[in-house]
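Visitor: I have a chain to look over. Can you take me through it?

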Amino acid sequence: MGSQEHVSQGLPQFPESFWRGSTELPSFPKLTEDHVTDVAIVGAGITGITTAYLLSKAGYQVTLLEAGEILSGTTGFTSAKISTQHGMIYDDLLKHFGEEQARMYYQSNHEALEWMIATAEDLSLDCGMTREAAYLYTDKEDGKKLKDLEAEFAAYQKLGIPGEWLDQVPLPLGAGGAIRLPGQARFHPLHYLKGLLQAVLDQGGKVYEHTTIGEKVDTEGHLTLHTEGEEFQIRCRHAVSASHFPFYDGGSLYFSRLHAERSYCLAFEPETDYEGGMYLSASGPTRSLRAVEWGDKKLVIAGGENHKTGQGICTFGHYEKLERFAGELLGIRSIPYRWSTQDLITLDNVPYIGKRAEDEEIYIATGFGKWGMTNGTLAARLIADGIMGNSNPYTGLYDPTRFKAVPGIKNFIVQNFSVAKELVSGKVEIVHKKTRELGPDEGAVVVHEGRRVGAYRDPEGKLHLVDRTCTHMGCECEWNDGERSWDCPCHGSRFSYEGQVLEGPATVPLKSIEAEDVN
């Protein structure tokens, strides 16, 4: 680490993603009638838009259905690295999937990376697409992680991944060793996807925002989706769940086969020059770095501070730790943006992509585990191939019905024990705070007129009360002071301070409580 002493430059009061803050996005109407299409794609992030692009190009009538606004989910809050260097994964893949499938994981992501770069060029997209090397490094003092990194490099060599070993890295990160992988890329994901979306619209594709698709799906005869509350029907030949958490479970128990993690980002203007490259630490706490252009300035995005959703103690503290890291490393002139994101991780760390069941034309894409740029793109390519009837060599690897005995069983037990623990601990916790003790812009679990409720007092002094029982499976949500949201520690659902759904699997808002109703 650099030796300079860090003086805080002040974090922005409210979180805002750099990508969304620097992009004007089009808006689209809400679905207000029954609808017929070839392919209904639920979720307008990188997977949904890329799938729509591929299929509309092939002559299919496609409809994108987004519960909120386009690109308002994980894709709008990423660190936007296009890389096949997905942390410490290849040694594990060799152990649990074998050499052939481990190599397929690399190849499918590498093909997605090259496809994205070629597509940006073909469409002449002004999205800051820049080739850079990626570095996976360990701290000098972390002897165990250094051994793990050496095993990871051995896996690179066995699989033919063109990484190189370094004893030091260009930045003063105190690295004890690193794997450098050339030819990776960084870009502006929303500028890129805005271009793909325009191509979809040019081919006659339809987009509906503020249109939540319910869990009910009719699979007899024509495939029929229903909007929440069964107000309208969408008839289609194929349906794609590209909605982060699958909108349709159909007995697949995805909530028990995925867990949610939050992580945090700062976009800051450094005092010293950033020499380029994309960095990720193998040692904890996780640290990520990459550059981005902002007008005539170059910002650096520092990320990390991962934790299971709802189980971070002080979420704002995660931003403060990133600020300290960035300040000590490069110095900080200003911090124009801060934001956090949520990722879903599967039991075996490989995404679930493909048909939910062999006899249904419903495709699933979820569990990208923080690497949604390449995984989301390869998901779109794999699903488009399935719909078009093309064979794809990666279908078996990503099959969402698979279950790897190791590490799947261990992770299944651990994750679902954690859920049971949260259900119990949330219900029996002791709360002493009263609503009158809340200051402006403060939220907490409080006792109000004899009941435990979720409370937030906004900057104008208005009190917002909710029943914080998650509408998915009854866990008790915790207050997230960094995002001003109620987060479920069991399956990752998140709600606004007024109770509206921000992240699934929940689809129903938290119950809002009027002050006079609290007895």
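This is a predicted model: local features need pLDDT of at least 70, side-chain atom pairs count only at pLDDT 80 or more; totals for chains, interfaces and linings use all residues.

Visitor: Helices next. What span should α9 have, and what is the distance between its end C-alpha atoms?

Guide: Helix α9 covers residues 372-388, which is 17 residues. At 1.5 Å a residue the span should be 24 Å, and the end C-alpha atoms are 23 Å apart, which agrees.

Visitor: How many residues of α9 are buried?

Guide: 14 of the 17 are buried, so α9 is largely enclosed by the rest of the structure.

Visitor: What comes just after α9?

Guide: G389, with a positive phi of about 80°.

Visitor: Now α3. Which of its residues are buried?

Guide: In α3, residues 90-97, the buried ones are Y90, D91, L93, L94 and F97.

Visitor: What do they pack against?

Guide: The buried residues of α3 pack against α4, α5 (143-159) and α10 (395-398). The residue that follows α3 is G98, and its phi is positive, near 90°.

Visitor: You mentioned α4. At what angle do α2 and α4 pack?

Guide: About 65°, with the axes of α2 (residues 46-57) and α4 (residues 99-122) 14 Å apart. The crossing of α2 past α4 is left-handed.

Visitor: Which residues make that contact?

Guide: From α2 they are I46, T50, Y53 and L54, and from α4 they are W115, M116 and T119. By class, that contact has five nonpolar residues, two polar and no charged ones.

Visitor: Switching to strands. Where does I41 lie?

Guide: I41 is in strand β2, residues 39-42. With a relative accessible area of 0%, I41 is buried.

Visitor: What does I41 touch?

Guide: Leaving out residues up to four places away in sequence, I41 touches G48, T51, A52, V62, T63, L64, L65, V240 and A242. Take V62: I41 and V62 are 21 residues apart in sequence, while their C-alpha atoms are 7.3 Å apart in space.

Visitor: And G177, buried or exposed?

Guide: G177 is buried, with a relative accessible area of 0%. Its place is in strand β7, residues 175-186.

Visitor: Which residues does G177 touch?

Guide: L136, Y137, T138, L146, L149, W165, L166 and D167, again not counting residues up to four places away in sequence. G177 and L166 are 11 residues apart in sequence and 5.7 Å apart from C-alpha to C-alpha.

Visitor: Last topic, the backbone. Where are cis peptide bonds found?

Guide: One runs from G284 to P285, with omega near -10°. P285 is in the loop between β14 (278-281) and β15 (287-294). Another joins G504 and P505, with omega about 20°. P505 lies in the loop between β26 (501-503) and β27 (512-513).

Visitor: Which residues have a positive phi although they are not glycine?

Guide: H210 is one of them, with a phi of about 50°, and H244 is another, with a phi of about 70°.

Visitor: Where are they?

Guide: H210 is in the loop between β8 (206-208) and β9 (213-218), and H244 is in the loop between β12 (238-241) and α7 (254-257). H210 counts as partly exposed at 40% relative accessibility; H244, at 23%, also counts as partly exposed.

How values were computed. Residues are numbered from 1 along each chain as its sequence is written. Side-chain values use heavy atoms; hydrogens and water are left out. Helices (H or I, at least four residues) and strands (E, at least two) are DSSP runs, numbered from the N terminus. The expected span of a helix is 1.5 Å times one less than its number of residues. Buried means under 20% relative accessible area, exposed over 50%, partly exposed in between (1.4 Å probe, protein chains only). Axes are lines fitted to C-alpha atoms, for helices over the stretch in contact, and angles run from 0 to 180 degrees between N-to-C directions. A crossing is left-handed if the near helix is turned anticlockwise from the far one by less than a right angle, and right-handed if clockwise. Contact means heavy atoms within 4.5 Å. Ala, Val, Leu, Ile, Met, Phe, Trp, Tyr, Cys and Pro count as nonpolar, Asp, Glu, Lys and Arg as charged, and the others, Gly among them, as polar.
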